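Here is a briefing on ring pairs, charges over rings, strand pairing and helix packing. Please look at the structure first.

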Amino acid sequence: MGKGTVNRNYQREMEQIIRENREQGRVPSLLLHSCCGPCSSSVLERLTEDFRVTVFYFNPNISPEEEYRKRVEEQKRLLREQPARYPVAFREGRYCPEDFYAMARGLEAVPEGGERCFRCYRQRLAEAAREAAEGGFDYFATTLSVSPMKNAAWINQLGQELAEEWGVCWLLSDFKKKDGYRRSIELSRAYGLYRQDYCGCVYSRRERQEKEAKKALQNGDFVLKWKGIANNLRRV
């Protein structure tokens, strides 16, 4: 599993790329892989000032299919309602959960944020790189780094490796910087977007449910203990 370059300021590097394009009077095309509507909201607000963006929705990790379809529709609705300096196009990739499960085989019990997630990032970014290269885009990028739970160094490392492989430019970025995540929450509320409570895959959902069950159990134990103490006090 790659580690990336932790100390790089990807936000600053992205801003430098944008400045150079502005100075040259360029408005490049950008294929933006999106993990969901809420995460894309603040990213689109930032990028549509300087790029002609096409949102690419490719997330075979999401399950069940009903959840996947719900997230796709929320992404489309956001694009219809959110203003942008340049029109934003939309492309939906294949929904192929069998490819995700094949990739994750043997890593089912790995905690979220580990090797399975790294490979999932790569699977989605590889498809975005292919789409960007075949579509003749100037850059490709992803909304994944807007989440405080996602490792921006890993994401940028993968992006740069795939850019070399496919011959297309990767837009360095860390969209959680400059309050990007907080802004995504604000925009999600403003547009009434559905915000899921798990990353997307069955394993992250199961991990979330296990944590909630453990917390509920601990809270239940606390209530029982407090009732016992209260009853003892009444007897005194």
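**Aromatic rings, strands and a helix crossing**

Tyr57, Tyr68 and Tyr95 are linked into a cluster by ring pairs. The model is predicted: local features need pLDDT of at least 70, side-chain atom pairs count only at pLDDT 80 or more, and totals for chains, interfaces and linings use all residues. Residues are numbered from 1 along each chain as its sequence is written, and side-chain values use heavy atoms, leaving out hydrogens and water.

**Aromatic pairs**

- Ten aromatic pairs turn up in a search of the whole structure. Rings of Phe, Tyr and Trp (its six-membered ring) pair if their centres lie within 6.5 Å; planes under 30 degrees apart count as stacked, over 60 as edge-to-face and the rest as tilted.
- Tyr68 and Tyr95 are stacked, with 4.0 Å centre to centre and 25 degrees between the planes.
- That pair links distant parts of the chain, 27 residues apart: Tyr68 is in helix α3 (residues 65–81), and Tyr95 is in the loop between β3 (89–92) and α4 (97–104). Helices (H or I, at least four residues) and strands (E, at least two) are DSSP runs, numbered from the N terminus.
- Tyr68 counts as buried because its relative accessibility is 1%. Buried means under 20% relative accessible area, exposed over 50%, and partly exposed in between (1.4 Å probe, protein chains only).
- Phe100 and Tyr101 pair edge-to-face, at 5.6 Å centre to centre and 65 degrees between the planes.
- Phe100 is buried at 1% relative accessible area, whereas Tyr101 is partly exposed at 32%.

**Charges over rings**

- The charged end of Lys70 sits over the ring of Tyr194, 4.0 Å from its centre. The criterion is NZ of Lys or CZ of Arg within 6 Å of the ring centre and within 35 degrees of the ring normal.
- Arg71 lies over the face of Tyr198, 5.2 Å from the ring centre.

**Strand β4**

- Strand β4 (residues 139–142) points Tyr139 and Ala141 one way and Phe140 and Thr142 the other, and all are buried.
- Strand β1 (residues 29–33) runs parallel to β4, joined by four bridges. Strands pair if DSSP finds at least two bridges between them.
- His33 has Thr142 in β4 as its bridge partner.
- β4 also pairs in the parallel sense with strand β5 (residues 169–170), over two bridges. Here Phe140 stands opposite Trp170.

**Helix crossing**

- Helices α2 (residues 37–47) and α7 (residues 180–191) have axes that come within 8 Å and cross at roughly 110 degrees. Axes are lines fitted to C-alpha atoms, for helices over the stretch in contact, and angles run from 0 to 180 degrees between N-to-C directions.
- α2 and α7 are therefore roughly perpendicular. Angles under 35 degrees count as roughly parallel, over 145 as roughly antiparallel, 65 to 115 as roughly perpendicular and the rest as oblique.
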